[in-house]
Amino acid sequence: MSENGELKRIELPYSVTVRELSEILQISPIEVIKNLMANGVMANINQEVDFDTAAIVAAEMGFDASPLVVEEESLEDTAEIPLWRQWIADEDPKNLQVRPPVVGILGHVDHGKTSLLDAIRQTDVAGGEAGGITQHIGAYQVKHNERLISFIDTPGHAAFTAMRARGAQGADIVVLVVAADDGVMPQTREAISHAKAAKVPIVVALNKMDRPNAAPDQVKQQLAEVDLVPDEWDGDTLVVPISAKEKTGLDDLLEAILLVADNNEILANPNGRVFGTVIEASHERGRGAMATFLVQNGALKIGDAVVAGQTCGKIKAMFDYKGETIAKAPPSVPVSVMGMDEIPAAGELFRVAKSTKAAREIVERRKQLVADRKAAASGGMTLEQLFARVQAGEAQELRLIIKADVQGSLEPIVSSLNDMNVEGIGVNILHADTGSIGENDVMLASTSDAIIIGFNTQPDAAARRMSETEGVSIRTYNIIYRLTEDIDKALKGLLEPEKREVTLGRANVLAVFGASRIGKAAGCRVVEGEIRRNARIRVLREEEAIFEGEIASLKRHQDDVREVREGFECGIGLRGFNDFEEGDVIECFTIEEVKVI
């Protein structure tokens, strides 16, 4: 306590050991332990206590404690510039050097992504004998014309977009694999949309050219229709014919990658601050948490204290993609690291902190920030919120993802929306396709601050859950002019508050039986959430909505009940619907009005 009787002000980290607390308070560790015991906390000298506990001890010792503000970079990234690019921009331009390009491979299932990755690895004589790679770490390097290229071996565009969702961007260039005998397919279009949203240049690998039914000109026409005009047609997209099976055209593909890399500034400061992206992570017996890091700036070294999302650690050992121990990893080098306290999430940015203590404080601060944001969350990015951002100068466009039931519906919708422009504010359609609304659509919307528009189509169960978790707005229509009218109103700032659907639960229909008052009822088991008597109900058959209405009867063991929770069985009768079949899904939901900002 100070001379005038006031409490002395001090700052304490969000997590501190008993020893560190005693040093800060300048008292014996024994005194701190006694005080903790008096407050019901048993702790030894090396045990960590949280801020609230440490603040109580400090108060009893005459101190007024406040949380220590850790100086660190913003945890936010804009949709325009990935967070790691913002960090690169802070480097002195004089210290930046060209680094090897990092390449991600995307494409439709069965078009040969894995075969291409294997073919490239096996032809890399400079990297060792074919098949000589002893350890798969999710990324590797090859050498072409004495220049290195790093490849990320990700499962597809979902992982690619997950990186962007966390402010990272693992790839500098995307190689889009398209089968010459199959052409542009739904997942191809999705991959293109994800790459374009990330503003990453695309090189097309026209695979399976060895097939007798290969039709390269037809595929090039399809590519041109999705704005990937081949360079030989005076476009900007390099289209390289290859056969991963026959291992032909691979040198041309690597040459095209280097050409695109030369036309895009791919720079880093090898002596600057160290950061990069977590490619993958897992727990290995005998080694603990192992993570694959892709270094994007600086040089990662053994002994560095690292922060990755909400976990941290001290690098104990590093291994390259061949499993060999290394002590230092410069930019664009993928390494497997040992020493993280927990398994970090793939796609997180990592960076080197000043010390292990500083790393722990940053992690605690991040956890607190995440908890605060979840508590303050009030819903997703709505049309109203998007317009508010446009009006505030934070965005110059409304970003949409369009899904429709058939191509005949999709084309007039896209055409109408592309023509909209109000006072310089336009519509940017990130992705448009037919089919139900899936998780990839929600992830793309989440990372791009977009909303999803569905026409005569509904989100599947997984997409609905993800949209609620990620705060993504999904609006569905069955009349085109109402869809375009809402977008027009959004551009003008006249849109009424949005009514948002909140899923409460789902039940599977196990049996159908007669019911005296309502005709037929469904014997069900609640498999998710709860079914409420006063909520809205939708009947799904093979993920297609066949009825929407109200519950007429909800019973459990012949008793009328107000709700039935997950894991229990019940009888459900609907008002105006009798056509139940075993295997149907009953979805329970409410409609909430989202407040206009």
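Which residues does aspartate 433 touch, not counting residues up to four places away in sequence? In this predicted model, local features need pLDDT of at least 70 and side-chain atom pairs count only at pLDDT 80 or more, while totals for chains, interfaces and linings use all residues. Residues are numbered from 1 along each chain as its sequence is written, and side-chain values use heavy atoms, with hydrogens and water left out.

Aspartate 433 touches Pro186, Arg189, Ile402, Lys403, Ala404 and Leu410, contact being heavy atoms within 4.5 Å. Aspartate 433 lies in strand β24; strands (E, at least two residues) and helices (H or I, at least four) are DSSP runs numbered from the N terminus. At 3% relative accessibility, aspartate 433 counts as buried (buried is under 20% relative accessible area, exposed over 50%, partly exposed in between; 1.4 Å probe, protein chains only). Glutamate 411 is 22 residues away from aspartate 433 in sequence, with 9.4 Å between their C-alpha atoms.

Next comes helix α12. The buried residues of α12 are Ser409, Leu410, Ile413, Val414 and Leu417. They line one face of the helix, because they fall within an arc of 120° seen down its axis, the arc being that of the directions from the helix axis to the C-beta atoms. Their packing partners are β22 (397-404), β24 (425-434), β25 (451-455) and α15 (480-492).

Elsewhere, the largest nonpolar core has 29 residues, with Leu116, Phe151, Val175, Leu253 and Ile257 making the most contacts inside it. Such a core is a set of buried Ala, Val, Leu, Ile, Met, Phe, Trp, Tyr and Cys residues joined through side-chain atoms within 4.5 Å. Its largest share, eight residues, comes from α9.
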